[in-house]
Each structure stands twice: as structure tokens, then as C-alpha cells.
Amino acid sequence: MSIYKCLKKLYVGGIALLSIVFVISGCNSPKSKIGSEDAATDVYVPPGKHDKYYSFMSGGWTGNVSVYGIPSGRHLYTIPVFSQTPTNGYGYTEETKSMLNTSFGFVPWGDTHHVQPSKTNGDYDGRWIFINDRNTPRIARINLKTFRTDEIIEIPNTAGQHSSAFCSSNTEYISANTEYSIPLPKPLGNGVDVPIKSYKKNFHGTISLIKVNQKTGEMNIGFQIEVPPFDYDLGRFGLGVSKDWVFYTCYNSEEAHTLLEVNASQKDKDFVLAVNWKKAEQAAADGKGQLVSSNYDHNFRDPETGVVKTEVMKQVRVLQTSDLKGAIYYMPAPKSPHGINVSPSGEYIAEGGKLSTVVPVESFSKMQNAIQNNDTTGSLGGIPILKYESVLAYEVKNAGLGPLHVEYDGNGHGYNSDFISSEIVKWDLKTGKVLDRHPAYYSTGHLTVAGGDTRHPFGEYLIALNKITKDRYLPTGPEMFAGEQLFDISGNKMKLLLDFPVEGEPHNAAEIPASLIDTGQVKYFKLSDNHNPYVTRKEHDAKVVRNGKRVDVYMTAIRSHFTPDNIEGIKVGDTVYMHVTNIEQEWDIPHGFAMKGNLNAGMLIMPGETRTTVWKPLQPGVYPFYCTDFCSALHQEMQGYVRVSPANSDIKLSYGTNKDI
Amino acid sequence: MERAIIVFFLITAFLSWGCSSNKKSKEQKADGQTERADGGLTQFQIENGIGPVTKELEPGPVNDEMAAKGKELFDQNCSSCHKIGERYVGPDLQDVTSRRTPAYVMNMMLNPTGMTQKHPTAHKLLEKFATQMANMHLTREQARSVLEYLRSVNPNSQK
């Protein structure tokens, strides 16, 4: 073979080989997002197609949880949780209003902060979402089959419950802790009516561990631990190697009770509180601590009737730190730390130093060594303080100003947000070396990566939950939605893809792969399984029953009429219970119910469900009612009348549909 | 040599084709989900409707026991919109089993949305009555009982 022929063979063969490689790579490798000129294509979800992730965002002062699709940022739904919701009747209807009962009475609003999905083996399992009310200490459980709040438990002996609702690796416990320490009743404290200036002597914090029933999800307070009156701020359960532990940041180790802005920022270091919850659980099981009288309400949707019930609870077991030898430690952390996040392996525990410029990252294995070697510098409230240098893995230097939170991508990187310098900083998880930084708009709080607090994060996107919106969208007067930002973190450099406005002020979010949730959604309730005491399963059974001044209307709704739709014989002074059953058995065919002048909310009734609104007519007249959810082409016709006569009238009770009564 | 080149190019072409045909099939799938597959009904579908019942039914004389069960189901699931002997929200069903085949009646109960969208007769009825018939998610067995009840109320039925 001549050299020419040989070269030609190599040349042709090479080209052919290259073209094969080119074709295969063009065909199979995912499109690299980095360097793409058009970020819009990276977040574009075509009409009729679904997003890849659900993002559950706490609404902050909306008291609810909002759901967005990622990467599009589309608002999918808002789940009513702690706030009465007149738009669908949550917290107003007879079936749901008990959900907002507390030992203080009916509290119609809450302040939601930290969304925590349930986990199995340290990964999300798509069963439930837990979320706290910071104001009136409560934890709610949302059922991800229905996107509804199924349960709310009040937490006694605590206040300002910010450090909550964190979930352990197998959803054994949810943790909820005191931010605003308070005086506690005897025998825990010296009573609740004490001078505020006696803070150091009379105020206390508590750590609460709420046991979750693995089958039903039902919550019960397992036990509480009384701790010194610092402000417990955030927390995370350990993962993997550290899964038996739970970690909380706290500030105000100064124990200030006024002008905390200044007086709680005096010390160079505050603390991380680390508790071995397995050992604490054992101590409680062994009967340590004491059962303390404590009033708190436990509200849950009765699985049989679908009606929310309130159980009034009377006592709780409280452990002292002396009951937890070898199971509770403080680790110093600079300076008024805020967020705390455990890495996917469970080895690294990073805090947002808030008033510091470094992000301290503790090592779980070093912490274990320090415990074994008794490497402490004294104690506070019976809790040994481990030496900072002995537990520290590294400090992330040049982490920006006002670092608040850390998140992980599962690919060996940590990301911290900076409130003051408005940026995201990416660093190497083994060394803390800063690798990239990107401005954020503006003043970022929490960060979220899908599964970012699990053993296996989906390191594709990162969402910055920004606290200040200002000029990012068309102005809407003095008040506006919060602005979130979606970053592509799949490459070496972070890339900003999308701004999207969200309702309320999300403090925290959790992204869950859609595939864990979108199958098995409840689309309608089976009428045959409806055991509401006031259900009307078929139109023929619709009726109106008077019992003294109470009138019960058993009504059905189907496209597009109510039965009965004419009612006479109601009198001023009556209390009328309108029990409306939607007898449809199809997805997305709710009916609504609204009554003119009713001093109550409207309600939406899902297919197969019964909802009850109470109406107390105050004046004689004929009152129209109608369906508020556009249900068919004859939706406008879905209407009826109730005749209300004076209290002394002798008009007989009568009712019907499609006949004169 | 030339043969080797041809083989290489054939492989390349084959792979490219595999690649583009993958894309094409995805697009087709995407289209198929949004497109209404109206028109082109088979003779069977025109006579017997579109739905899970794909064979003609020959029910024979009315089975009273089954009809009794069917009445219960009818009262529970259908009577909000249908009466026997009068037009209500939907058509009078007294002699529906004279107007339609048994399989058609079954398919209308089991696939009401598909029927009103795709079957010309059902679509015309939607135009007339304006309210989409509700899917009550009856099982096939339950729908069969309701069919038997409707046969029992039809004076022209074979008793």
C-alpha cells in the first residue's frame, strides 16, 4: 500500500469515525445550558406540558403554602394552611373551621416559614409537607395526595416558633423550637406572670420533638426539652452518618429582652445546639423528666367523615438537660448565626454567620471526637460547650456580607446566600474554597435546590428566595410580590435563568420531583365513601329539616342545578345550615355555593364532598343563591331562591326543584 | 477500500436517521395528545358508540334481578339529570333502548365526554341540551345493570 493510499484510508476512516461520534453525541447528550444565548428556552415549558419539579413555598405572612412549577415558575396552586380562606371556605365551613382552633381560641391567621417534605431513608418520599406557624406555635401537615391541610397541632410552652418544622431522615420526628423565650408555668418555671426584666432568671426556651405516625402521618408531641433562654433560630436533622442528631442555631446568648438589634449582637460567638434525638427519645421512654400540665389543641381531619375534629390535650413530657448526659451540646458559631444546613453525607454542618463574613462549617466526625475527648470550654444551663476549633472543618472565607443560608447540589458544592451583599457564593464542600459568585436581586434569604436537604439533591437548579423586590417587575404601588430567581447550577458557573414573582414572602421552599407526586393524586372523592353526617348521596334524598330554630338543608349539586332550588318557610331568627353535596364523580368539576348577604364565606365543594355553610338571615325577603364555579354552559342557570319570612310568620316549610312549592 | 467507506457512511446515515426518527416520533406523540381524533369512525362505532364496549351486545329477554340493581344505580347516579317519561336536564330515557343499540347506551354511560366530543349523534345532543353529561365512573358491570333497567322501562322491550 502506498503512503498516499494509507493516508487516504486514515483520512476517510477518521472522518467517518468523527461523523459517527458527532451524530451520537448530538443525538444523546443533553443540551448544555451553559453558554446558551437564550435562557428562555431553558425555562420554557410548552403549552400542555408539565414542569419537572413542584416547588412548595411558604407564604410567610399569607399563612399558607404556594405551589409553583419549576423551571417555568408558573403558579400552580395555593394550599390554605393557617389562614382562613374565604375564596374556598377553608376555615369557614363547618367541616374545616376546627382546623384553626388553639388553646387561645380560634386563630384565623398564621405566619408560615419552613416547608419540610416527609422523608424515607433521608430522601423525599412525596407523602406530606410539614410547615410551622411562627406566631401561634403550631405545625401543620399537608397531604400531598390532596394538597390539603389534614392536621394542625399546637405546641405549648413555646413562642416565636421560628426554628421549625424540621423533619428527620425517616419522618420519625418533626422538630419545633422556641425563638422568643418566655416564662413557663410552674413547675417548669416560676409562673408566667413575671417582670420582663427578670428574663435571665425566669425565661426559658424549649425544644419540641413531635412524633409522626408512619401510617397515618398523625402528629403527637413526643417530648420537650427545656433549654436556656436564647433565640433558637433554624435547624436541620442530620443525614447519613449524623442522622441520629439534630442541630439548631441560636442567637441572643446575651439573653437580652429589649433592643435585641443591639443588645443581642454583643458577643463574638453564639451557638449551634446539637441534640442526639435518639438518646433523648430513649430518655423520654425511660420516664425521665416530668409530665407537665399544658393545654394545646390537636386538630385533624377525621378520615371517616372528612370533618375536622379538635382534641384538647392536657399534658406533655418535659426533659431537663440533666436528663440528657452525652446527648446535648453547644458548639460555638459566629456571630448571631441564622441558617443551618447539613450536607447530603451528613458530615458537614454549615451555618449562615449573618453578622460575620465567614460561613463556618463544622465536621460531624470532629464533633464526635471532641465529645469523646471531652474537648469542652465549660457549659451553659447544664449543656457542655465543645471547642470551636475542635469541631470546625473550615470557614468559607470571603463568603459575602450577611450570609444567611447554605444549600447543597449533591455534586460536592455548597452555596450560601448573602442578604447584605445580595449574592450567591458557590464553594467546594471539602475545602471551602470559593469557586463562583453571582449577584442576586435583591437581598437573598433561603436558597433551594430540589432535594437540597436530602441525601441525594438534584443539582440542576437553585432558587434564590429574595427578600426585596423593588424594580424587578412592573410596579404595583407600595406593596408587591416577592421576587424569586432561578439559577442553572449544572455547570461550573451559575447562570441566572428566570425571575418570577411569588405571593407573600416565602421564607423557605422545597422542590420535589414531580414524578413523586403527580401520580396517585386524588381527583375526586368517591361519593360512596362520603360519610359526612350531613351527606346527600342522591337528589331524591335532598330535604329540609326544621328542629326549633335550627334548619338543616340537605342539598345536592350537579351540572347545573341544586336540589332543592326553591325553599320557603325559613324565618328571621333561624340558623340555617346549608349542607351541599357535590354529587359529581369527575375530576375538576367543583361546584360553588354563595348566598346573598350571608355573613360568611362562599364555599367550593369538590366532587363527592359535602360542605356546610351557616347562614343566619336577619331580614325577610327572597334570597337567591347560586353556583360560583363555572361548571357548564348552563352554569349561569345554576341558581335558586330561599324565601325568608318574619319570625312570627306561619308559612310552612316546603322545598323542591322543578315544581311549584 | 471503497466498500469500507460505503459501510462507514451507511452506519453514519443509519445513526442520523435513528436520531431524527426518534425526534419525529416524539413530535407525533405530542401532537396526538392535543389533536381531536374526530371523523373516521368505523361503522361499528357509528352504530354502537365509542368507548370500552367494542362488541355488539345481544342481551335477550330482560333480566329482572339485574334491572332491579340497575334501578338502584340509576336513582343514585343518573336521576339528577334523567327522568323516565319526561325530558329533564338530559333526554327522556324511556325508550332510549329503542333509539340506540345496547352497546351505544353502555358507551354513553362509560365514556360520556369521549362520546359527546367524537360521536356525531352524541355531539348533536350536547348541542341541544348544552350540559355535558357527567361521568359517574360506573364500572362496566354497573353500566350493564343500568342498561337492563332502561330496557325494563321501555314498553317496546322484549320481556
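# Briefing: strands, domains and helices in chains A and B

Strand β24 (residues 376-380) and strand β25 (residues 383-386) of chain A pair antiparallel over three bridges. Two strands pair if DSSP finds at least two bridges between them. Strands (E, at least two residues) and helices (H or I, at least four) are DSSP runs, numbered from the N terminus. This is a predicted model: local features need pLDDT of at least 70, side-chain atom pairs count only at pLDDT 80 or more, and totals for chains, interfaces and linings use all residues. Residues are numbered from 1 along each chain as its sequence is written, while chains are lettered from A and ligands numbered from 1 in the order in which they are written.

**The β24-β25 hairpin, chain A**

- A:Leu380 has A:Ile383 of β25(A) as its bridge partner.
- Two residues lie between β24(A) and β25(A), which form a hairpin.
- In the turn, A:Gly381 has a positive phi of about 55°.

**Two open sheets, chain A**

- One open sheet has four strands, in the order β31-β32-β33-β34, with antiparallel pairing.
- Its edges are β31 (444-450) and β34 (495-502); each has a single partner strand, so one side of each is left without a neighbour in the sheet.
- The twist in this sheet averages 25° from one strand to the next. Angles run from 0 to 180 degrees between N-to-C directions, and axes are lines fitted to C-alpha atoms, for helices over the stretch in contact.
- Five bridges link β31(A) to strand β32 (residues 458-466) of chain A, in the antiparallel sense. A:Thr444 has A:Asn466 of β32(A) as its bridge partner.
- Another open sheet has six strands, in the order β42-β41-β44-β45-β39-β46, with mixed pairing.
- Here β42 (603-605) and β46 (654-656) stand at the edges. Each has a single partner strand, so one side of each lacks a neighbour in the sheet.
- Within this sheet, β44 (residues 621-626) and β45 (residues 639-645) run antiparallel, joined by six bridges. A:Gly621 stands opposite A:Val644 in β45(A).

**Domains, chain A**

- Chain A is assigned domain 1 (54-516) and domain 2 (527-656). Such bounds come from an automatic or database domain assignment.
- The C-alpha centres of the two domains lie 43 Å apart.
- Eleven residues from domain 1 and 13 residues from domain 2 make the contact. Residues are in contact if their C-beta atoms, placed from the backbone, lie within 7 Å.

**A buried valine, chain A**

- A:Val544 sits in strand β36 (residues 543-547).
- A:Val544 counts as buried because it has 21 C-beta neighbours inside 10 Å. A residue is buried if 20 or more other C-beta atoms lie within 10 Å of its own, exposed if 12 or fewer, and partly exposed in between; C-beta atoms are placed from the backbone.
- A:Leu653 is 109 residues from A:Val544 in sequence, but 7.8 Å away in space, C-alpha to C-alpha.
- Beyond neighbours within four places in sequence, the contacts of A:Val544 include A:Pro564, A:Ile567 and A:Tyr655.

**Helices, chain B**

- Helix α3 (residues 64-77) packs against helix α8 (residues 140-153) at about 105°, with their axes 7 Å apart.
- That angle makes α3(B) roughly perpendicular to α8(B). Angles of 65 to 115 degrees count as roughly perpendicular, under 35 as roughly parallel, over 145 as roughly antiparallel, and the rest as oblique.
- Helix α5 (residues 102-110) is mostly covered, with eight of its nine residues buried.
- The buried residues of α5(B) include B:Tyr104 and B:Leu110.
- Those buried residues pack against α2 (43-48), α4 (96-99), α6 (112-118), α7 (120-129) and α8 of chain B.

Key
Two residues are in contact if their C-beta atoms, placed from the backbone, lie within 7 Å.
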